[in-house]
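Trainee: I have not seen this structure before. Please show me how to read its features, one at a time.

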Amino acid sequence: MTKKSEPLRVGIDLGTSRSSVSASSGARHVVDSYVGWPVDTVARKVIKKSILFGREALDHRSMLDLHRPLERGLIKEGSEKDEAAVRELLRHLISLVGPEDGQKVFAVVGVPAEALRVSRQHLRNAVKGIADSLMIVSEPFAVAYGMDALLHTMIIDIGAGTTDFCVMNGRYPTEDEQRTLLHAGDWVDDQLATYIRTRQPEAQFSVHMVREWKERWSFVGEPKGPVMVTVQVGGKPTSLDITNEMRRACEGLLAPIGEAMFDLLARVEPEYHERVRNNVILAGGGSQVPGLAEALERTLGEVGSGKVRAVEDPVFAGSNGSLALALDAAESDWEQLPG
Amino acid sequence: MAELARVKRQLVSDVVRENVETLHGLPPRPLRRPRQRRLRGGLWRALGVVVAPSLLFVAASALPTGRAERPVPSRPAAAAPAPATSFPAPQAISPAAFPLEVRKIVLDPGHGGSDPGAPATVGLWEKEITLDVAQRLRPLLAQAGFEVLLTRERDETVSLRERAQFANFQRGDLFVSIHFNALPTRSYRGIETYHLGPTSDPHVERLAGAENRESGYSLADFRRLLEGVYVHVRQQESRQLAEAIHRGLTTTLVRGNPAVRDSGVKPAPFLVLVATEMPGILAEISYLSNEEDARLLKEPTYRQEVARALFEGIRAYAEARRRPGGKGSA
């Protein structure tokens with residue numbers, strides 16, 4: 001088999017907020033999970049494209065029918081536009097890693113665990129035809145696979161729509177070994193917006209602004225400095241210190257995540273408790289919140305001790321894991337899974 | 001590293017299986033936790049204790065000659081069993097007393113990696129055909145609601161020991177080892193299905209010797225295995241499984257290959273059947289040394305037929321086990 005005729009193996013992390021792709025060719029890209037279609041012929045003429053993705057879509061949102069298709073970790077049932085958005089986003093991600101003309105594409109797509117649990121058939125249908133062969137896996141599993149963290153490990157994947165938990169015991173995780181919370185990035189955004197509005201009811205800001213503030217200045221525990229943002233109040237740009245609001249919103253994650261950790265730990269066989277407690281891995285965008293890993297370690301201290309670490313490459317940990325799976329699957333495996 | 005590789009291989013297999021099931025419209029398994037089979041294991045172990053004394057007698061006569069088949073030395077005096085003739089005849093226990101469902105099936109594509117198996121006259125090796133047939137059989141079984149695992153997913157060397165350990169670790173309900181035969185007499189064609197048991201047939205002894213190569217077992221391991229086999233019930237179940245699969249193979253394959261010969265269901269001491277803890281069979285489905293069989297096996301449609309034939313046999317056995325009073329054979 002010549003190199004050119006070898007299939008391109010692709011790992012994709014289809015996230016609520018960002019999606020990334022890693023390919024066997026070495027190419028990798030990340031895109032904000034936005035898909036937009038021009039709302040009318042005028043918009044199409046201005047934009048000069050029939051569809052926009054990621055940051056470009058966000059920047060032109062006023063002229064677009066904009067979709068963030070995996071809101072709350074799920075494709076909305078019956079929403080053809082959201083299904084189309086998932087399909088187009090995946091096609092776009094694959095096109096970014098540049099398969100050659102006629103080259104087959106074997107893709108592993110990691111999705112929020114909740115999407116797989118609730119609507120796997122729906123999801124499978126939605127992504128039909130985007131690759132020659134395709135597998136769908138849950139995101140925390142893909143992360144664990146890519147890191148070889150397959151034994152006595154707890155993965156906590158804090159995304160935008162959901163926080164997914166998964167305990168790896170050397171086998172494919174059962175539903176008993178997985179949890180999904182809606183306490184994730186978007187929830188923090190909602191909390192933060194609510195706290196700011198409570199304090200400054202006249203402040204005008206958008207959800208996109210709140211998301212950007214969170215991504216730049218989120219923290220748990222002690223801040224590195226005051227968090228100052230500019231909002232419109234009565235039509236005037238006004239500087240606002242939101243340090244306390246930011247802390248309160250981010251620390252709101254601690255209780256539900258801690259509770260889910262203990263719930264899962266309670267199901268781990270006692271002889272492996274300590275190993276799992278000392279092998280907690282944070283993944284997803286939320287893993288980078290300063291102070292979060294340390295705070296969760298302190299939470300684990302209630303039952304002895306624990307070690308929590310964040311993945312080194314949160315943007316690509318999921319897609320790299322999916323790619324590892326794609327590379328390990330035999331050609332005969334792929335033959336059973338038409339895209 | 002070997003453990004990690006094994007775990008990863010299993011995980012890939014699980015992911016593929018789950019995706020295949022989704023493709024076929026099967027609903028997600030609500031709880032895929034490992035089944036609680038302690039009771040069943042306990043029952044089998046209890047049976048093992050009851051019937052084990054008969055084993056050495058049976059196994060000794062079953063040992064083929066060759067590297068892996070050296071005679072089992074007698075045990076130290078303190079632990080030595082009495083002469084076989086002094087044991088009471090093992091009491092027959094009807095498998096119908098255990099109407100347990102077949103859920104998890106371990107498929108064992110023979111050979112692989114550095115062990116290519118028999119060559120076919122058409123430029124294929126046995127290892128390639130066994131894997132292909134197993135991979136065709138898997139979705140058929142999955143669609144019928146069985147959980148299916150393969151001892152190897154690709155062209156890799158997996159010792160008999162590892163295959164058996166895998167099947168035992170996974171707590172398979174059935175073990176089906178897929179092979180193709182070859183003989184210097186190229187005109188010979190036939191289908192043979194084996195279950196664990198002694199044999200005096202020199203052809204079968206030679207075949208077992210060949211298939212038992214590269215087992216990965218030491219003599220001490222082998223002796224322990226033999227001591228652990230609960231001969232009667234598992235043999236009976238294995239024979240019934242062999243009969244059901246053989247019936248599936250012969251009735252299905254004769255349609256497309258009328259010249260194929262029914263060489264029967266036979267007992268044989270294949271190590272992979274000794275070491276697995278569940279009812280198991282080894283099918284030698286065709287003769288790669290025969291030009292016509294080899295030509296047929298080169299065709300994907302015929303290999304699909306072979307997979308379908310194995311499926312029919314396994315399904316018939318499983319359905320018979322499920323029926324009240326079913327004896328395991330269809």
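Mentor: Begin with burial, because a residue is judged by its neighbours: it is buried if 20 or more other C-beta atoms lie within 10 Å of its own, exposed if 12 or fewer, and partly exposed in between. Bear in mind that this is a predicted model.

Trainee: Where does A:D148 fall on that scale?

Mentor: A:D148 has 14 other C-beta atoms within 10 Å, so this residue is partly exposed. A:D148 sits in the loop between α5 (139-146) and β9 (151-158) of chain A. The backbone there deserves a look too: phi of A:D148 is near 55°, a positive value in a residue other than glycine.

Trainee: What is the phi of B:R171, and where in chain B is that residue found?

Mentor: Phi of B:R171 is near 55°, again positive in a residue other than glycine. B:R171 belongs to the loop between α5 (160-169) and β3 (174-181) of chain B. With 16 other C-beta atoms within 10 Å, B:R171 is partly exposed.

Trainee: How do I read a sheet?

Mentor: Strands of a sheet pair through backbone hydrogen bonds, either parallel or antiparallel. In chain B, six strands form an open sheet in the order β2-β1-β3-β6-β4-β5, and the pairing is mixed. The edges are β2 (147-150) and β5 (262-268) of chain B, each with a single partner strand, so one side of each has no neighbour in the sheet. On average, neighbouring strands of this sheet are turned by 20° against each other, direction ignored.

Trainee: Which way do β1 and β2 of chain B run, and how many bridges join them?

Mentor: Strand β1 (residues 104-109) of chain B and β2(B) run parallel, joined by four bridges. One pair to find is B:V106 with its bridge partner B:L149 in β2(B).

Trainee: What does an antiparallel case look like in chain A?

Mentor: Take β9(A) and β10(A), which run antiparallel and are joined by seven bridges. The two strands form a hairpin with four residues between them. In this pairing, A:L151 has A:N169 in β10(A) as its bridge partner. Strand β10 (residues 163-169) of chain A also pairs with strand β11 (residues 178-181) of chain A, antiparallel and through four bridges. There, A:T163 stands opposite A:L181 in β11(A).

Trainee: Is β10 of chain A mostly covered or mostly open?

Mentor: Mostly covered: six of the seven residues of β10(A) are buried.

Trainee: How are two packed helices described?

Mentor: By the angle between their axes and the distance between the axes. In chain A, the axes of helix α6 (residues 185-199) and helix α7 (residues 207-217) come within 9 Å and cross at roughly 105°. That makes α6(A) roughly perpendicular to α7(A). On the α6(A) side the contact involves A:V188, A:D189, A:L192 and A:A193, which meet A:V207, A:V210, A:R211 and A:K214 in α7(A). By class, this contact has five nonpolar, no polar and three charged residues.

Trainee: Which parts of chain B touch chain A?

Mentor: The contact takes 24 residues from chain B and 23 residues from chain A. On the chain B side, α1 and α4 (126-143) each supply at least two residues. The most comes from α1(B), with 13 residues. The chain B side divides into 13 nonpolar, five polar and six charged residues.

Trainee: How many residues does α1 of chain B have, and which of them are buried?

Mentor: Helix α1 (residues 2-23) of chain B has 22 residues and reaches 31 Å from its first C-alpha to its last, close to the 32 Å expected at 1.5 Å a residue. Its buried residues include B:R9, B:L11, B:V15, B:V16 and B:E18.

Definitions and conventions:
Residues numbered from 1 in each chain as written. Chains lettered and ligands numbered in written order. Predicted model: local features only at pLDDT ≥ 70, side-chain atom pairs only at ≥ 80, totals over all residues. Expected span 1.5 Å × (residues − 1). Contact = placed C-beta atoms within 7 Å. Nonpolar A, V, L, I, M, F, W, Y, C, P; charged D, E, K, R; others polar. Pairing = 2+ DSSP bridges. Axes fitted to C-alpha atoms, helices over the stretch in contact; angles between N-to-C directions. Parallel < 35°, antiparallel > 145°, perpendicular 65-115°, else oblique.
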